[in-house]
Structure formats: C-alpha cells, structure tokens
Amino acid sequence: MSKVIVIDHPLVQHKLTILRDVRTGHKEFRELVEELAMLMAFEVTRSHPTTEVEVRTPLGVAKGKTISGQEVAVVPILRAGLAMEAGILRLIPTAKVGHVGIWRDPETLQPNTYYSKLPSDIGEREVMVVDPMLATGGSIVACLDLLKNHGAKNIKVMCIIAAPEGIARVQEAHPDVEIYTAAVDERLNDHGYIVPGLGDAGDRLYGTK
Ligand code: PRP
Ligand code: URA
C-alpha cells in the first residue's frame with residue numbers, strides 16, 4: 001500500500017495555518033502555496049541519489065556531491081497545481097513540466113480530463129504530481145491513470161491537504177505511489193469539500209469567487 005508522509009516541519013505547519021485562514025487574500029494565498037511546495041519538495045527529494053565530486057575553491061579542492069539518478073518531471077493538475085509547480089521549479093529549475101487539466105464536476109464529483117501535454121521522456125523521469133487538494137481522490141487517480149498510460153513508472157503525489165477518503169482511493173488504485181502531504185484532515189462534507197480544509201483552492205488562488 002502506498003505510504004503517506006505527513007510533513008510536519010514547523011515552517012510548513014506555520015504557513016499551512018495562515019493558508020487555511022479565511023482572512024488570507026489571494027495574493028498571500030498564492031505566495032504561500034508556492035512556498036509550501038518548495039519546502040515540501042525539499043522533503044520529497046530527500047532520498048535522491050548523489051555522486052561524489054571534487055570542486056576547486058579559491059583556496060583548494062573540496063569534496064562535494066551533485067544530484068544524480070533520474071531527472072524530475074513536475075505534473076501540476078490545473079488549475080490549482082500551477083502555484084505548486086512554480087515553487088518546485090524554484091528549487092529544481094531544470095525539471096520538465098507536464099500539464100494535466102482536470103475539472104471536478106460539482107454535482108457528480110467525477111473528474112473530467114480536458115487537457116494534457118507531457119514530456120515525451122516521462123517514463124524515464126521521477127514524476128511529481130502536484131495538486132493542493134486530495135479530496136475524493138478522483139482527480140489524482142485520473143491523473144495517475146493517464147501518466148501510467150504514457151509510460152510513467154516512478155511517481156509521487158504532493159498535496160497540501162488530504163482527506164482520508166482520497167488517500168484510501170489512491171492507495172487502492174495506485175498502491176505504488178507515495179503521497180506527501182502537509183495535513184490529513186477529518187473528512188469530506190456533502191459537497192466533497194475537505195473539512196476543515198481551506199475551501200476551494202482554485203478560487204482562493206486566483207480570486208475567482
Ligand atoms: C480541485 C482541486 C483538485 C480537485 C480535488 O480542483 O484542485 O484538483 O478539486 O478534488 P477530488 O480529489 O475530489 O477530485 P477543481 O476541480 O475545483 O478545479 P480547478 O482547480 O480548476 O478549480
Ligand atoms: N477542491 C478544493 O479546492 N477544495 C476541497 O476542499 C475539495 C476539492
């Protein structure tokens with residue numbers, strides 16, 4: 001079963017608390033999502049392999065390490081994943097980016113995939129799927145299905161808040177995929193929103209409500 005890693009670093013939890021606050025406006029909300037993704041990427045990449053190298057300093061030669069192994073592809077789920085993409089690219093600027101557009105029908109809660117454009121070498125990359133909200137899990141499972149159909153094998157999910165229902169759904173459909181999150185909340189409400197959550201991530205990011 002896929003592992004769930006809750007990132008409880010004080011900086012992550014502090015920023016998450018401000019993000020949840022109903023008084024936080026869209027400018028600050030966007031900045032916080034970007035910062036959270038950057039901090040969380042630090043944890044997601046903790047086990048990346050490195051190669052020992054030597055580097056010439058002004059005063060001598062130092063032993064150093066450079067990252068080796070698979071290169072990264074970031075896959076944000078539109079819209080809300082875009083702000084997370086920006087944060088990860090600040091940390092891993094050479095990552096390739098694949099975009100997947102998924103819209104959750106507010107009545108049926110079913111995911112509708114309306115767009116995808118992926119790097120052609122996605123199968124050779126470590127893929128980080130990013131979306132702030134893992135609610136019913138429908139959107140992320142649809143994205144993981146699509147990525148695997150395009151050959152992706154090494155995939156991690158990064159969200160900011162997850163519901164137990166969504167985690168269970170991902171674990172059942174894709175037991176090989178690890179889930180990194182800053183919080184696991186109580187439950188979903190009757191409209192499929194995470195409670196207490198933070199509301200509608202896309203609307204809060206872009207000021208569309
Ligand atoms: C939100 C969110 C996730 C999805 C989560 O997107 O960003 O993609 O809902 O819900 P699920 O786990 O139940 O599928 P939404 O469909 O509202 O689209 P938007 O980002 O374009 O606003
Ligand atoms: N999508 C959101 O943006 N928020 C939720 O709580 C659930 C789905």
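Q: Before we start, what do I need to know about the model and its numbering?
A: It's a predicted model, where local features need pLDDT of at least 70, side-chain atom pairs count only at pLDDT 80 or more, and totals for chains, interfaces and linings use all residues. Residues are numbered from 1 along each chain as its sequence is written, chains are lettered from A and ligands numbered from 1 in the order in which they are written, and side-chain values use heavy atoms, with hydrogens and water left out.

Q: Okay, ligand 1. Which residues come nearest?
A: Of the 13 residues around ligand 1, the nearest are Arg-104, Asp-131, Thr-136, Gly-137 and Ser-139. A residue counts as near if one of its heavy atoms lies within 4 Å of the molecule.

Q: What kinds of residues are in that shell?
A: Six are nonpolar, four polar and three charged. Here Ala, Val, Leu, Ile, Met, Phe, Trp, Tyr, Cys and Pro count as nonpolar, Asp, Glu, Lys and Arg as charged, and the others, Gly among them, as polar.

Q: And which helix or strands do they come from?
A: Strand S6 (99-104), S9 and helix H4 (138-149) each supply at least two residues of the shell. Those labels are DSSP runs numbered from the N terminus: H or I with at least four residues for helices, E with at least two for strands.

Q: What are the polar contacts of ligand 1 like at Thr-136?
A: A polar side-chain atom of Thr-136 is 2.5 Å from an oxygen atom of ligand 1. A polar contact is a pair of N or O atoms within 3.5 Å; within protein, one must be able to donate a hydrogen and the other to accept it, and residues adjacent in sequence count only if both atoms are side-chain atoms.

Q: What about Arg-79 and Ala-135?
A: An N or O atom in the side chain of Arg-79 is 2.9 Å from an oxygen atom of ligand 1. For Ala-135, a polar backbone atom lies 2.9 Å from an oxygen atom of the ligand.

Q: How much of ligand 1 does the protein cover?
A: On its own, ligand 1 has 500 Å² of accessible area, and the protein covers 91% of that. Accessible areas come from the Shrake-Rupley method with a 1.4 Å probe; for residues, only the protein chains shown count as cover.

Q: Switching to ligand 2. Which residues are around it?
A: Arg-104, Met-133, Ala-135, Gly-192, Tyr-193, Ile-194, Gly-199, Asp-200 and Ala-201. That shell splits into five nonpolar, two polar and two charged residues.

Q: Where does ligand 2 touch the backbone?
A: An oxygen atom of ligand 2 is 2.8 Å from a backbone N or O atom of Ile-194, and there is an oxygen atom 2.8 Å from a backbone N or O atom of Ala-201. At Gly-199, a polar backbone atom lies 2.8 Å from a nitrogen atom of ligand 2.

Q: Now strands. What's the order in the open sheet of three strands?
A: The order is S9-S11-S13, with parallel pairing. Two strands pair if DSSP finds at least two bridges between them.

Q: Why do S9 and S13 each have a side without a neighbour?
A: Strand S9 (133-134) and strand S13 (183-184) stand at the edges with a single partner strand each, so one side of each is left without a neighbour in the sheet.

Q: How many bridges join S11 to S13?
A: Two bridges join strand S11 (residues 161-162) to S13, and Ile-161 stands opposite Ala-183.

Q: How do S2 and S3 run, parallel or antiparallel?
A: Antiparallel: eight bridges join strand S2 (residues 50-57) to strand S3 (residues 60-67). They form a hairpin with two residues between them, and Glu-52 stands opposite Lys-65.

Q: What's in the turn between S6 and S7?
A: That hairpin has six residues between its strands, and Leu-109 in the turn has a positive phi of about 65°. Most residues other than glycine have a negative phi. Six bridges join S6 to S7, which run antiparallel.

Q: Last one: where are the cis peptide bonds?
A: One joins Leu-78 and Arg-79, with omega about 0°, and another joins Val-195 and Pro-196, also with omega about 0°. Arg-79 is in the loop between strand S4 (72-78) and helix H3 (81-91).
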